[in-house]
Protein chains: 2
Amino acid sequence: MPFARTALSHRRFFSKTASLSRLDFSLAHGTRLAHTMRPLTPSDLNPAVIDVQYAVRGELAIKAEALRVQLENKFHGLPFERIINSNIGNPQQKGLDQPPITFGRQVAALMEYPPLAEIVKDIWPADVLARAKELRDEIGSVGAYSHSKGVPLIRKSVAKFIEERDGYPVDPEDIFLTGGASAGVSLLLNMLITPTKSGVLIPIPQYPLYSAALAQFSGIPLPYHLSEVDGWSTSLHEIRAAIEKAEKDGAHPRALVIINPGNPTGALLDWATMESIVHLCEEHSIVILADEVYQSNLHSPDTHPFHSFKQVVRRLNSPVPLFSFHSISKGVTGECGRRGGYFECTNISDEVRALIYKMVSVGLCPPLSGQIGVDCMVRPPQPGDPSYPLWKTETDCTHAALAQRTKLMAQRLNALPGISCVTSPGALYLFPKVELPDAALKEAERLGKTPDTLYSLELLDETGICVVPGSGFGQKDGEHHYRLTCLCPGVEEYVDALENFHLLFMKKYGAIN
Amino acid sequence: MPFARTALSHRRFFSKTASLSRLDFSLAHGTRLAHTMRPLTPSDLNPAVIDVQYAVRGELAIKAEALRVQLENKFHGLPFERIINSNIGNPQQKGLDQPPITFGRQVAALMEYPPLAEIVKDIWPADVLARAKELRDEIGSVGAYSHSKGVPLIRKSVAKFIEERDGYPVDPEDIFLTGGASAGVSLLLNMLITPTKSGVLIPIPQYPLYSAALAQFSGIPLPYHLSEVDGWSTSLHEIRAAIEKAEKDGAHPRALVIINPGNPTGALLDWATMESIVHLCEEHSIVILADEVYQSNLHSPDTHPFHSFKQVVRRLNSPVPLFSFHSISKGVTGECGRRGGYFECTNISDEVRALIYKMVSVGLCPPLSGQIGVDCMVRPPQPGDPSYPLWKTETDCTHAALAQRTKLMAQRLNALPGISCVTSPGALYLFPKVELPDAALKEAERLGKTPDTLYSLELLDETGICVVPGSGFGQKDGEHHYRLTCLCPGVEEYVDALENFHLLFMKKYGAIN
């Protein structure tokens, strides 16, 4: 085999020169000088990629991961025994307490291995078996690619779910299933951002997926500030000002991102504000991107209900183009790892929809496991179904635990010196503001870090609790926040740790005695 | 509730004006003229998106979908009873015959619903239960986000798999699990394409993911032709010529895409060619993207073995940066719907790897279902394990059926007038060349379609078999091919249909009597 000889001679050649540096090597073999490989460095890469920031899995999360490895050593020398990842809305992660919903998991197990039906037919509820059979008859194997927009039957189920939620008809062809909401957001931003100074209005604070995708696709972020003193409300005045500023700067506002319920704020939009936003977007021909992934995380639905933008747009009979996102990662399903979600197109022409289809087809299809998760989320067991009582208990518990923890955490944080925290009526987070002592600001400056990063790093070092500094979401100059999830089990003990740390921190930097 | 009143008044307002066109409406309400929404049209979108082409799910696939719906009508009037999707390598799709591997599916079912272990503990093999327990201890719930690069244990398993394949050590930190190989390819092309006329060398014919991603990220495709007369071999001369042409045109060749085993050609690279390619890329500081997703689809491994680029690069002790892709969608696993795969970084600095990590973290994590699929692919049952005999039978059957079908299809296609077909030693496809009669070329021109599209559309209309025209992959001017998968069950009947159609087509357009 001639190639084996060639390989061998190369090996000999390289082992002879192994002690020479690359440069020595090139000099010693003049004829190979032109062959010297330039290594791949960050400066060779797309500069847009360098600009991307994503704090949720940034410096804090990376350090937390390193500490987790350190904890595996019995003599770890750390003042805590475990890492609590409050940096990410990941309800089913190890150590947290949101259990998956049994109905969806039994259906999923049957889809993975259909012969299981024979084994569990007298053990598992009949509606589980029936749902799995229905999905199997439609899909066949979960190992096959589905339609690139998602399984037609599941898109029909989504359409029905939205119809029942909003009271307006939905065309299943307007539904695109996705691998989590993020995949859809990223694709649509890539499509909406043109090379002609396209701007996208984003709330501040925002979920950093938006700023990251804007950096990646070279779109211009057009920030509008939410009002913390007013419960993180959205102000038309702020959006209008952001549009005017963009137009003055020569940028074209193409789209408006609204996160409702808010992330990281937990705020809920009221109907009147939503109407005004729709009118404003009509006026300026702006596409609405409605991130509604927390629509079922409502802690006081009677006083703070959720309204979808779809419903507002339809009731106003507005022609404004709207993309609405939902996900199985949040809510009471909390199935982040399956990567399931969808977006709905409203007032989008067939032509544009065909282009979206083309783009999703390059990625082949969303994961079937996520698609099945979507089906179970939008078609849960109904009263009278054998799985209903357990489903009801499971989802009620999850709702109640989240609401109770959110309330308690906000109360106790608010009682601390130098912390104020808007009590959030929705989503999974709190976004407390911290008044940092001058000495802490100076120390942060010395370390070349933002002050909220200093605070969050010391919190992690002292307690093992990983949060995300407010600078990752955006905040007003001179203000300092952090985002933490309300998913922790043992909330009393957890808040004790937050409190103790805060008081020590304030003492250390001379704000209290 | 004030907002309800507002909504109502808007409804009345719109229903009063419902009979007016948008323009009439604006004229009748002068003050609202500025408010008239411009609808979202394709010309408002990122022009790069408009340029994207993806033939595998293009015109033919869309028409096949419409025909499938038509077939549901008892009086469909079509000359066939079912659609055969030979356009896409989707082994587990309905109507095809590649069954999933039992071991992986039983593990997956246990991961979905861990209490199932109690039910099946005396029914399912012990190694299935042990693997599921091991993965569960590491992962926790499949409903949780994993590390953005993938579950550490599974990355270690991948590293070991590659070590055993190639004989060189692998750092698990160089492994990124992905949602299928496509997700990784797309991300890395986005990172490698800079705004300064970045070019990427792609084979012609190629898998259209590459041309689609280049269009999406505004990279310049630098085609190099494979040699059909030489069994679709890769010629250094062609690659060198493409580099020289690029440099003359002011483009910078950043990366070289190699698909091995080839898609759509099924060709395998020999070691000597691979060595030369590595040297050439070193010489020009070009990154290699090695698409090796068909590495286990080998029809005659003794005479046509697979070598990984990783092994060549290591044996040459080459510093060339290399990204190697693998997937669970092909091979004998064929688990397309799970969306699982990985890429390995070779000669990539920590700094660049950290940037890749940042980018994948924005997408949170690959689907857990796909990650578990990767684990079962790279760690299959071993001789002596209770699942081994069944696993061996299942995988042997799949290999044998694919090899036998590929050989038979190529033989019979080659026997037809006007068709020549390279017998492929790997992958899942054939890419026959068709000499089309002048009358067919004229008819295609009249219809504004490429001649291979005309041929493929008529094939679909007559037989229900959906293939992809060669123009979707690229071919020399004046040549016409199509790609079809070798996944069909009942291969004799299937080839009969291809033959009958071809002879009728050639008669219809006057090439034979």
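This briefing covers aromatic rings and the charges placed over them. The structure is a predicted model, in which local features need pLDDT of at least 70, side-chain atom pairs count only at pLDDT 80 or more, and totals for chains, interfaces and linings use all residues. Residues are numbered from 1 along each chain as its sequence is written, chains are lettered from A in the order in which they are written, and side-chain values use heavy atoms, with hydrogens and water left out.

**Aromatic pairs**

- Over all chains there are 28 aromatic pairs; rings of Phe, Tyr and Trp (its six-membered ring) pair if their centres lie within 6.5 Å, and planes under 30 degrees apart count as stacked, over 60 as edge-to-face and the rest as tilted.
- One of them is the tilted pair of A:F505 and A:Y509, with 4.7 Å centre to centre and 50° between the planes.
- A:F505 has a relative accessible area of 1% and A:Y509 has 10%, so both are buried (under 20% relative accessible area, with a 1.4 Å probe and protein chains only).
- A:F505 and A:Y509 belong to one aromatic cluster with A:Y455, A:Y482 and A:F501.

**A pair in chain B**

- B:Y294 and B:Y429 are edge-to-face because their planes stand at 80°, with ring centres 5.6 Å apart.
- B:Y294 is buried at 3% relative accessible area, and B:Y429 is buried at 2%.

**Charges over rings**

- The charged end of A:R483 sits over the ring of A:Y429, 3.9 Å from its centre; this requires NZ of Lys or CZ of Arg within 6 Å of the ring centre and within 35 degrees of the ring normal.
- A:K149 lies over the face of A:F176, 4.6 Å from the ring centre.

Conventions. Buried < 20%, exposed > 50% of the residue type's maximum accessible area, 1.4 Å probe, protein only.
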